[in-house]
Amino acid sequence: MTSERTKLAVRGITILIGSMTLLASISRLLVIVPPGNVGIVNSFGKISDNTLDSGVYVVNPFAKVINFSTRLKDIKENIDTTSQEGLSLNLDVSLQYKLDPQKAAIVYKTIGTDEKQLIISRFRSTVRAITANYSASAIYSTKRQEVAQKIDEELTKEIPSLGFIVEQALLRNVKMPETLQTAIQQKLKAEQENEQMKFVLEKERQEAERKRIEAKGIADSQKIIAGGLTNQVLQLRSIEATEKIAESNNSKIVVIGSEKGGIPILIQPESGVSKP
């Protein structure tokens, strides 16, 4: 009886060990690539060109799978640089980028698993090269957006060659010595006042031109009218007016001809007053 129990116990232990060994073997065959990652298969030092998307895979138990994040990364840097005049500036900039999944194997072969320092070096170099083409006042004020766009465009050209995709490069702040900043602000204020004065003067010039044209039009109109008012025309208009008065039901006496050059005279009997 004891011998049978011993045999059963040994058999149970054997089955348990076998099951655990089987599970361990299966677990070595199964690899899970988590969401937001791609897997690189390293088999005895040989890197597969095919990457594994997120999911469960059966791989060689002797191979090693390295996970690479494809999530968006953000590098924030304070970069000391110089302007076109050689003035010192400090730029608060950031770069948002991510791994190109199709180039993950190349990145692992050429860079490894930590690309940050390489990206930062390129980032700093690009920012300094671009700011050297602009004056300090332009970077601080009028050309700030253009500088940010140039940085973004240049990094979009350079970074993909390393195996990464640039989402956006941002210029968040520009710092400079206080005396220089004050001088630039005063210059900008003077330029704004100058532009305002130009606007006022241009408005006054346009108003003066409008008045001149209006006056010329009135003068021309009066000249045309005066040129057409001959004695014959005046007599004709007088006769036409007299005819309209004569047709009225009001009592009156119309006398044709007078001492005023033949212009009809209207006499109202009620008042005894004559009106030319």
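**Entry 1: what I am looking at**

This is a predicted model, so I checked the confidence before anything else. The mean pLDDT is 76, and 63% of the residues score at least 70.

**Entry 2: overall numbers**

I counted seven helices and 11 strands in the secondary structure. The protein has 276 residues, and 25% of them are buried. Its accessible surface comes to about 19,000 Å², with 55% of that belonging to carbon and sulfur atoms. I then looked at contacts between residues at least 6 apart in sequence: 63% of these join residues at least 24 apart.

**Entry 3: aromatic pairs**

How many aromatic pairs are there? The count comes to two. One of them is Phe 68 with Tyr 108, edge-to-face, at 5.9 Å centre to centre and 85° between the planes. Phe 68 belongs to strand E5 (residues 64–69) and Tyr 108 to helix H2 (residues 104–110), so this pair ties together parts that are 40 residues apart in sequence. I checked burial on both sides. Phe 68 is buried at 8% relative accessible area, while Tyr 108 is partly exposed at 23%.

Next I took Tyr 97 and Phe 164. Their ring centres are 5.7 Å apart and the planes meet at 80°, so I noted this pair as edge-to-face too. Here Tyr 97 comes from strand E7 (residues 88–99) and Phe 164 from strand E8 (residues 164–175), 67 residues apart, and the pair links distant parts of the chain. Are these two buried or exposed? Tyr 97 is buried at 2% relative accessibility, and Phe 164 is buried with a relative accessible area of 2%.

**Entry 4: helix H3**

The buried residues in H3 are Ile 119, Ile 120, Phe 123, Thr 126, Val 127, Ile 130 and Thr 131. Why do I put them on the same side of H3? Because they cover an arc of only 135° around the axis. What do they pack against? I found strand E6 (73–82), E7, H4, H5 and E8.

**Entry 5: helix H5**

H5 covers residues 144–158, which is 15 residues. From first C-alpha to last it reaches 21 Å, close to the 21 Å expected. Val 147, Ala 148, Ile 151 and Leu 155 are buried in H5. Those residues take up an arc of only 100° around the axis, which puts them on the same side of H5. On the face turned away from the buried side I found the exposed residues Gln 145 and Lys 157. The buried residues of H5 pack against E7, helix H3 (116–131), helix H4 (136–142) and E8.

**Entry 6: two residues up close**

Back to Tyr 108 for its neighbours. Setting aside residues within four places in sequence, Tyr 108 is in contact with Ile 40, Asn 42, Ile 47, Ile 66, Phe 68 and Thr 113. Its C-alpha is 8.9 Å from that of Phe 68.

I finished with Lys 116, which is in helix H3. Lys 116 is partly exposed, at 44% relative accessibility. Which residues does Lys 116 contact beyond its neighbours within four places in sequence? The answer is Ile 75 and Tyr 97. Lys 116 and Ile 75 are 41 residues apart in sequence, with their C-alpha atoms 8.3 Å apart in space. The other contact, Tyr 97, is the residue I already had in the ring pair with Phe 164.

Conventions:
Residues numbered from 1 in each chain as written. Predicted model: local features only at pLDDT ≥ 70, side-chain atom pairs only at ≥ 80, totals over all residues. Heavy atoms only, no water. Phe/Tyr/Trp six-rings, centres within 6.5 Å; stacked < 30°, edge-to-face > 60°. Helix = DSSP H or I, 4+ residues; strand = E, 2+ residues; numbered from the N terminus. Buried < 20%, exposed > 50% of the residue type's maximum accessible area, 1.4 Å probe, protein only. Expected span 1.5 Å × (residues − 1). Arc of directions from axis to C-beta. Contact = heavy atoms within 4.5 Å. Areas by Shrake-Rupley, 256 points an atom, 1.4 Å probe, with all protein chains shown as cover. pLDDT = per-residue confidence, 0-100.
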